[in-house]
Amino acid sequence: MNQFEIKRLVDQAYDQAELNKEEITALLAADIDQLDYLLQQADQKREEICGDEVHLRAIIELSSYCKQNCHYCGLRKDNQKLERYQLEKGEIIKTAQMAAELGYQTVVLQSGEDEYPAAEITEIIKEIKNTTGMAITLSLGERDFAAYKLWREAGADRYLLKHEIADRALYEKYHPGMSFENRIESLKFLKTIGYQIGSGVIIDLPGQTPEIMAEDLLLSQDLELDMIGSGPFIPHQQTPLKDSKTGTVEMTLKFTALSRLLLPLAHIPATTALGTIDDQGRQKALLAGANVVMPNVTDSMYRAKYQIYPEKICVNEEAGDCRQCIGGIIASLGRFVSQNKGHSLRK
């Protein structure tokens with residue numbers, strides 16, 4: 001594809017937030033060296049919509065138990081080599097309060113699908129809300145719809161449920177016993193009961209193509225996501241995909257930039273996975289349309305045990321050091337840490 005055609009498509013995406021599947025596919029398939037204009041325009045759109053503030057979301061990884069057996073994830077049920085843990089209610093609340101003291105405006109409660117009791121999650125949400133006032137994002141996988149409703153009524157603001165790959169056959173291949181339809185219906189239900197919803201994609205999963213990633217973006221538009229994340233696939237040695245290739249920085253940046261142009265009102269994180277495969281990965285994403293960073297505030301004694309993928313950055317850092325480090329990264333780009341909760345830009 002020549003530069004004239006690239007510019008035409010990028011300008012159309014910038015102006016109208018709309019491209020068809022073939023046009024998205026062509027940009028995703030183009031060499032990153034041809035796409036400086038795409039990255040620049042995504043950054044320009046980010047500045048126009050979000051300004052220079054970067055929202056920090058503090059992640060608490062509350063349990064590494066999981067009943068699922070996803071082919072790419074180190075938390076999978078069949079990984080017998082992982083030392084599992086589950087945080088107590090008091091530990092979770094205390095960690096959230098510490099995050100609030102460090103200046104975080106949002107906490108993300110994340111876990112494997114371990115069936116942590118819904119009533120206890122409800123109590124945790126209420127206590128965090130009452131003592132910190134932080135926005136609360138849940139990332140607890142697929143639960144029954146009654147639990148989603150209970151947690152929303154308790155004060156949870158957002159739900160993050162990544163659809164991972166918008167190809168039904170590949171989704172069900174990599175998620176044995178799970179249904180792609182249920183994943184999408186869950187996201188739609190969460191939206192109808194008032195959650196701000198987030199989803200996301202694993203970039204370069206084996207078998208994934210630019211055509212499938214174009215479908216991911218079109219699906220994300222249809223869902224009217226409030227947040228869309230993308231991180232490179234990183235193989236874990238205790239999974240069926242252990243010998244597969246690591247995803248690339250280049251494809252992740254292309255997807256990030258197109259996410260900003262096609263979903264201009266979505267919050268977009270610079271993911272830890274991207275920072276894991278490239279020292280400058282998060283900075284590159286923040287210059288390609290991203291406006292969110294999600295540092296880990298889980299106690300360092302647990303972090304290495306929450307191993308979706310290996311060699312994750314920052315596992316040995318204390319939360320306070322991590323907050324300072326990420327603040328420095330943001331400042332080095334001429335941006336600043338937001339002092340507001342960063343609710344949906346759609347509202």
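Biologist: What are the ground rules?

Modeller: This is a predicted model, where local features need pLDDT of at least 70 and side-chain atom pairs count only at pLDDT 80 or more, while totals for chains, interfaces and linings use all residues. Residues are numbered from 1 along each chain as its sequence is written, and side-chain values use heavy atoms, with hydrogens and water left out.

Biologist: How many salt bridges are there?

Modeller: The count is 20, taking a salt bridge as a side-chain nitrogen of Lys or Arg within 4 Å of a carboxyl oxygen of Asp or Glu.

Biologist: Which residue does Glu 83 pair with?

Modeller: Lys 305, with the closest N and O atoms 3.2 Å apart. Glu 83 sits in the loop between strand 1 (53-63) and helix 4 (89-101), and Lys 305 in the loop between helix 13 (300-303) and helix 14 (319-332), so the bridge ties together parts 222 residues apart in sequence. Helices (H or I, at least four residues) and strands (E, at least two) are DSSP runs, numbered from the N terminus.

Biologist: Now Asp 226: buried or exposed?

Modeller: Asp 226 is buried, at 6% relative accessible area. Buried means under 20%, exposed over 50%, and partly exposed in between (1.4 Å probe, protein chains only). Its salt-bridge partner Lys 191, at 3.6 Å between the closest N and O atoms, is partly exposed at 28%.

Biologist: And Glu 83, how exposed?

Modeller: Glu 83 counts as exposed, at 51% relative accessibility.

Biologist: Which residues form a network?

Modeller: Salt bridges link Asp 43, Arg 46 and Asp 52 in a network.
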